[in-house]
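Here's a friendly walk through a protein model. Take a look at the sequence and structure below, then read on.

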Amino acid sequence: MTALARVSVEGEPSYLSSSGTGGLTVFCHVTLLRSGALDVVTAVTSRDELAQVGREETSRSKLRAEFEVYTKQFGLRMAPAPTAYVAWRIARTAEAHAAAGRPPLAEGPARTLAALTYPDHAPAHPAYAIATPDDAPRRVAHSLELLAEPELHAWLPPPAGVERVMKRAGALIEPAGADREAAVLAALHAAIDEFYTLDERAALAMQLRDAALMFASSRRPERALDAVSVADAVDAAGEGGATMHAVPLVFGLFYKFARAARRQAT
């Protein structure tokens, strides 16, 4: 029996987006004011960077109009999420921004973020409310199909992953002639598995669960179930589960990059 892909949010929801090119993600922290207006803090992030922070008082209709702009311009679709979870994600990106040695935020954005209320403990990703379906192995086996969805079509491996995998693969390639194709494939497999440390697996699983929220909110329940199935498989890799290169979506990301790079080189 197929599980239902539903996520309910109590009270006024905040929002997070699917991940776009370069890991671009938008968070909208929403507070309902006594006037009925919405106080919205928007954070535009890209992996370990807080690219932009803004704040405005707006209405639900205007906020939805902004979401449509995100979809048209950046291919991002917003999904509702608990406000505490969105605040936690913004705080984690701010910490990663500082740890990466990036320039500190300007006084205004820094003050805006400092005014938010953050949870004491890491809240569970809201996509955990979507039960893993009984046919999860089948969904993982067909996970390459997820990359055909418009919001995921631009997904590529992290730049650091591309660099490490290509260098590692090149170092492992020795045979020539008929053995070369098999050697290239084996090298890619080994390099992909080496790149996906616990932290990198956690980052990809989070992206997939973000996508699951987006699919669930846009009436694509089967795709939401696909996404949580692959996220669970990514979490399990290295801990007795399948290797990362054996997850079709993961290998497909690197294969897609290799094909794009080859087209640019010709």
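Strands S1 (residues 14-17) and S2 (residues 24-32) run antiparallel and are joined by two bridges. Helices and strands here are DSSP runs numbered from the N terminus, with at least four residues (H or I) for a helix and at least two (E) for a strand. Tyr-15 has Cys-28 in S2 as its bridge partner. Strands count as paired if DSSP finds at least two bridges between them.

A quick word on the source: this is a predicted model, where local features need pLDDT of at least 70 and side-chain atom pairs count only at pLDDT 80 or more, while totals for chains, interfaces and linings use all residues. Residues are numbered from 1 along each chain as its sequence is written, and side-chain values use heavy atoms, leaving out hydrogens and water.

Zooming out, the open sheet has five strands in the order S4-S3-S2-S1-S5, with antiparallel pairing. S4 (49-58) and S5 (78-81) sit at the edges with a single partner strand each, so one side of each has no neighbour in the sheet. From one strand to the next, the twist averages 20 degrees.

Helices pack here too. H3 (residues 107-114) touches S3 (38-46) and S4, and its direction makes about 70 degrees with that of S4. H7 lies across S1 and S5, at about 100 degrees to S5. For these angles, axes are lines fitted to C-alpha atoms (for helices, over the stretch in contact), and values run from 0 to 180 degrees between N-to-C directions.

What about His-97: buried or exposed? With 7% relative accessibility, His-97 counts as buried (under 20% relative accessible area is buried, over 50% exposed, in between partly exposed, using a 1.4 Å probe and protein chains only). His-97 belongs to helix H2 (residues 83-99). Leaving aside neighbours within four places in sequence, its contacts (heavy atoms within 4.5 Å) are Asp-48, Glu-49, Leu-50, Arg-102 and Pro-103.

Now for the rings: the structure holds five aromatic pairs, including these:

| Pair | Centre distance | Plane angle | Type |
|---|---|---|---|
| Tyr-85 and Trp-88 | 6.0 Å | 35 degrees | tilted |
| Phe-195 and Tyr-196 | 5.0 Å | 75 degrees | edge-to-face |

Rings of Phe, Tyr and Trp (its six-membered ring) pair when their centres lie within 6.5 Å; planes under 30 degrees apart are stacked, over 60 edge-to-face, and the rest tilted. Tyr-85 and Trp-88 are both buried, as are Phe-195 and Tyr-196. Ring pairs also link Tyr-15, Phe-67 and Tyr-70 into a cluster.
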